[in-house]
Structure formats: C-alpha cells, structure tokens
Amino acid sequence: MNTFSKEKALQDNRNEYLEQQREKYKSENIDLVKNYEQKLESSQEKYLKEIEKLKNSYESQISSQESKYKKQISDSQESHKNLYMEFININKELERQLKNLQIQSELNQQNGNDPSMIAIKVQELLEFQDKLKEEMEILRQDKDMRIREVIEYSELEREQMSQKIVFIESKLKESESKRN
C-alpha cells in the first residue's frame with residue numbers, strides 16, 4: 001500500500017505541476033493576445049490618421065488649385081469685360097464722330113464745299129469702325145477660348161487629384177485588409 005500511496009502522491013504532484021504550468025501558459029497567452037490587440041489597435045489608429053492626413057492634404061491641394069483657377073477665370077473675365085467696354089466706348093465715339101462728319105458734310109454741301117473729300121473721310125471712318133469691330137470680336141473669341149482652356153485644365157487636374165485620392169484610399173484599405 002505504501003507504493004500505491006507513493007505513486008498516488010507522485011501522480012498528484014505531477015497533476016498539480018501540470019495544472020500550474022497550464023495556468024501559467026494560459027496567463028502568458030492572455031497577456032500576448034492583449035499585447036497583440038493593443039499593437040493592432042495602435043497600428044490601425046496610426047493608419048487611419050495617416051489616411052485622414054493624406055485625404056486632407058489632397059483636398060487642400062484640390063481646393064487650392066480650384067481657387068487658383070477660379071481666380072484666373074475671374075481675372076480673365078474682368079479683363080475681357082474691360083476690353084469689351086473699351087471697344088464699346090471707342091465704337092460709340094467713332095459713331096459720334098461719324099455723325100458729326102455727316103452733319104458737317106451736309107453743311108459743307110449746302111455751303112458748296114467738296115462733298116467727295118468728305119465722302120472719302122466718311123468712308124475711311126466707316127472702314128476703321130469695321131476694323132475695330134472685327135478686332136473686338138477676335139479679342140472676345142480669344143478671351144472666351146482662354147477661359148474655356150483654363151476651365152478644362154482645372155477640371156482635368158481636379159479629376160486627376162480625385163483619382164489619386166481614390167487610388168491611395170484603395171491602397172490603404174488593401175494594406176489594412178492584409179494586416180487583418
């Protein structure tokens with residue numbers, strides 16, 4: 001019976017030792033899982049902040065480009081408006097001069113002055129007026145074309161920046177999914 005009790009005691013000691021080892025490993029495993037979860041959470045927070053930072057940066061760049069092009073468009077429109085008003089004023093002045101010349105021509109005809117000379121001057125002023133109208137139209141078309149080009153270029157840049165944002169977000173999501 002003594003051997004039985006010795007073996008039983010030995011077996012009990014083994015079981016107790018194994019139980020202690022199991023508890024120790026269980027505790028270590030829990031600590032490792034907690035540590036892993038903390039690192040994972042920290043890493044996810046870091047990547048989320050990085051994503052937000054990149055997104056804000058690109059949005060800032062897009063906004064900056066957009067305001068830059070809006071300013072250019074506004075400046076071009078203002079310049080076009082000023083040129084247009086200048087040509088309108090020149091046109092009105094030429095029309096007034098033409099009217100004065102016509103009145104003067106009528107008076108000269110009544111007084112016996114040479115009407116052919118006045119007709120030549122009137123013709124020259126009419127040609128000059130037509131030339132100015134053509135130049136004004138060319139300038140207006142040129143300004144309109146530049147405005148369209150600036151708008152198209154800004155839209156193209158906006159689209160490219162949007163595509164970059166989508167690409168970066170997809171890469172970040174892809175890297176997050178690989179980590180998980």
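The model is predicted: local features require pLDDT of at least 70 and side-chain atom pairs pLDDT 80 or more, while totals for chains, interfaces and linings use all residues. Residues are numbered from 1 along each chain as its sequence is written, and side-chain values use heavy atoms, without hydrogens and water.

First, select Ile 62, Gln 65, Glu 66, Tyr 69, Lys 70, Ile 73, Ile 151, Ser 154, Glu 155, Glu 157, Arg 158 and Met 161, which line the largest pocket. A pocket here is an open set of points on a 1 Å grid over the protein atoms alone, where a 1.4 Å probe fits, with protein on both sides within 12 Å along at least five of seven lines; lining residues have an atom within 4 Å of a point. Helices α1 (2-111) and α2 (115-179) each supply at least two lining residues; helices are DSSP runs (H or I, at least four residues), numbered from the N terminus.

Next, select Glu 157 in helix α2. Glu 157 is buried and has no salt bridge; Lys 68, the nearest side chain of opposite charge, is 6.0 Å away. Buried means under 20% relative accessible area, exposed over 50%, and partly exposed in between (1.4 Å probe, protein chains only). A salt bridge places a side-chain nitrogen of Lys or Arg within 4 Å of a carboxyl oxygen of Asp or Glu.

Then select Glu 174 and Lys 178, whose salt bridge has its closest N and O atoms 3.6 Å apart. Both residues lie in helix α2, 4 residues apart. Glu 174 is partly exposed, and Lys 178 is exposed.

Methods
Lys, Arg positive; Asp, Glu negative; His and termini not counted.
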